[in-house]
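Student: Could you walk me through this structure, one question at a time?

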Amino acid sequence: MTKKTRLIKPHCMKQITHSFDYQIFDSALELQVNDRELLEKAKEAIAGSYAPYSHYHVGAAVKLANGQVFIGSNQENMSFPAGLCAERVGVFAAASNFPDVPVAAIAISAISDDFEVSEPVPPCGMCRQAIVEYELKFNNKIRIILGGQTGRIYVFHGMGSLLPLAFQEKGLVK
Ligand code: THU
């Protein structure tokens with residue numbers, strides 16, 4: 001994430017523009033091997049999805065700095081807010097098993113029973129905030145690989161690209 005600051009006359013108010021870099025790949029074949037394998041695991045994780053209401057099945061694969069990979073899939077509930085997204089299932093499983101190991105990367109993919117998911121699947125806002133917590137905890141940026149059922153793949157270096165100005169309050173961290 002880069003930041004540009006301009007002074008706007010006459011009030012000297014600062015206008016700030018944030019921008020970020022990410023990579024676009026036309027197919028998984030173009031990815032570096034680690035990213036391709038993690039995205040493959042995210043696709044496999046879709047098998048565990050429980051999505052009888054949305055029919056939209058999401059898989060996530062979370063790789064820790066020690067090489068361990070944990071998967072997650074979306075788990076829906078009749079009482080809608082009680083369900084959980086694939087990313088949080090995955091990242092919480094990883095953090096529960098290895099609380100002291102930084103998260104290195106997360107890959108996400110999805111399929112729908114009703115249409116083709118032909119764009120990379122972006123994590124929802126709550127998942128972005130949940131994931132950024134682990135970047136802050138370990139002061140370590142997470143690689144993010146977003147794929148769909150078909151189509152292009154996006155690769156980001158750090159959740160800051162997807163969630164600028166994420167909530168954080170150092171006073172809350174003991
Ligand atoms: N979903 C995820 O698993 N991850 C996201 O980042 C966005 C949405 C799930 C929640 C719900 O089960 C279904 O996709 C449709 O919103």
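What follows is a set of questions and answers on the ligand, the contacts and the surface.

Tutor: Quick ground rules: the model is predicted, so local features need pLDDT of at least 70 and side-chain atom pairs count only at pLDDT 80 or more, while totals for chains, interfaces and linings use all residues. Residues are numbered from 1 along each chain as its sequence is written, and side-chain values use heavy atoms, with hydrogens and water left out.

Student: Which residues surround the ligand?

Tutor: Take a residue as near a molecule if one of its heavy atoms lies within 4 Å of it. With that cut-off, the ligand is surrounded by Ser54, Tyr56, Val58, Asn74, Glu76, Cys85, Ala86, Glu87, Pro122, Pro123 and Cys124.

Student: How do those shell residues divide into nonpolar, polar and charged?

Tutor: Here Ala, Val, Leu, Ile, Met, Phe, Trp, Tyr, Cys and Pro count as nonpolar, Asp, Glu, Lys and Arg as charged, and the others, Gly among them, as polar. Sorted that way, the shell around the ligand gives seven nonpolar, two polar and two charged residues.

Student: Which side chain has an N or O atom 2.9 Å from an oxygen atom of the ligand?

Tutor: A polar contact is a pair of N or O atoms within 3.5 Å; within protein, one must be able to donate a hydrogen and the other to accept it, and residues adjacent in sequence count only if both atoms are side-chain atoms. Backbone atoms get in on this too: a polar backbone atom of Ala86 is 2.9 Å from a ligand oxygen, and a backbone N or O atom of Cys124 also sits 2.9 Å from a ligand oxygen. The side chain you're asking about belongs to Asn74.

Student: How much of the ligand's accessible area does the protein cover?

Tutor: Accessible areas come from the Shrake-Rupley method with a 1.4 Å probe, and for residues only the protein chains shown count as cover. On its own the ligand has 370 Å² of accessible area, and the protein covers 74%.

Student: Which elements give two or more residues to the shell around the ligand?

Tutor: Helices (H or I, at least four residues) and strands (E, at least two) are DSSP runs, numbered from the N terminus. The elements that give two or more shell residues are strand 4 (56-64) and helix 2.

Student: Which residue forms a salt bridge with Arg143?

Tutor: A salt bridge is a side-chain nitrogen of Lys or Arg within 4 Å of a carboxyl oxygen of Asp or Glu, and a search of the whole structure finds one. Its closest N and O atoms are 2.8 Å apart. The pair links distant parts of the chain, 108 residues apart, from strand 7 (residues 143-146) to helix 1 (residues 33-45). The partner of Arg143 is Asp35.

Student: Is Asp35 buried or exposed?

Tutor: Buried means under 20% relative accessible area, exposed over 50%, and partly exposed in between (1.4 Å probe, protein chains only). Arg143, at 21%, counts as partly exposed. Asp35 has a relative accessibility of 3%, so it counts as buried.

Student: Which backbone nitrogen does the Ser112 side chain reach at 3.3 Å?

Tutor: Ser112 lies in strand 6 (residues 103-112) and is buried, because its relative accessible area is 10%. A polar atom of its side chain lies 2.9 Å from the backbone nitrogen of Asp114. The contact at 3.3 Å is with the backbone nitrogen of Phe115.

Student: What is the phi of His55?

Tutor: His55 is in the loop between helix 1 and strand 4, and counts as partly exposed at 29% relative accessibility. His55 is not a glycine, yet its phi is positive, at about 60 degrees.

Student: Where is Leu165, whose phi is also positive and near 60 degrees?

Tutor: Leu165 is a residue other than glycine, and it is exposed because its relative accessible area is 74%. Its place is in the segment after strand 8 (153-157).

Student: What accessible area do Tyr50, Tyr53, Met78 and Phe80 have together?

Tutor: Patches are made of residues with over 30% relative accessible area and no salt bridge: like charges are joined within 9 Å, nonpolar side chains (Val, Leu, Ile, Met, Phe, Trp, Tyr) within 5 Å. Met78, in the loop between strand 5 (69-73) and helix 2 (86-97), is exposed with a relative accessible area of 71%. Together the four form a nonpolar surface patch with an accessible area of about 500 Å².
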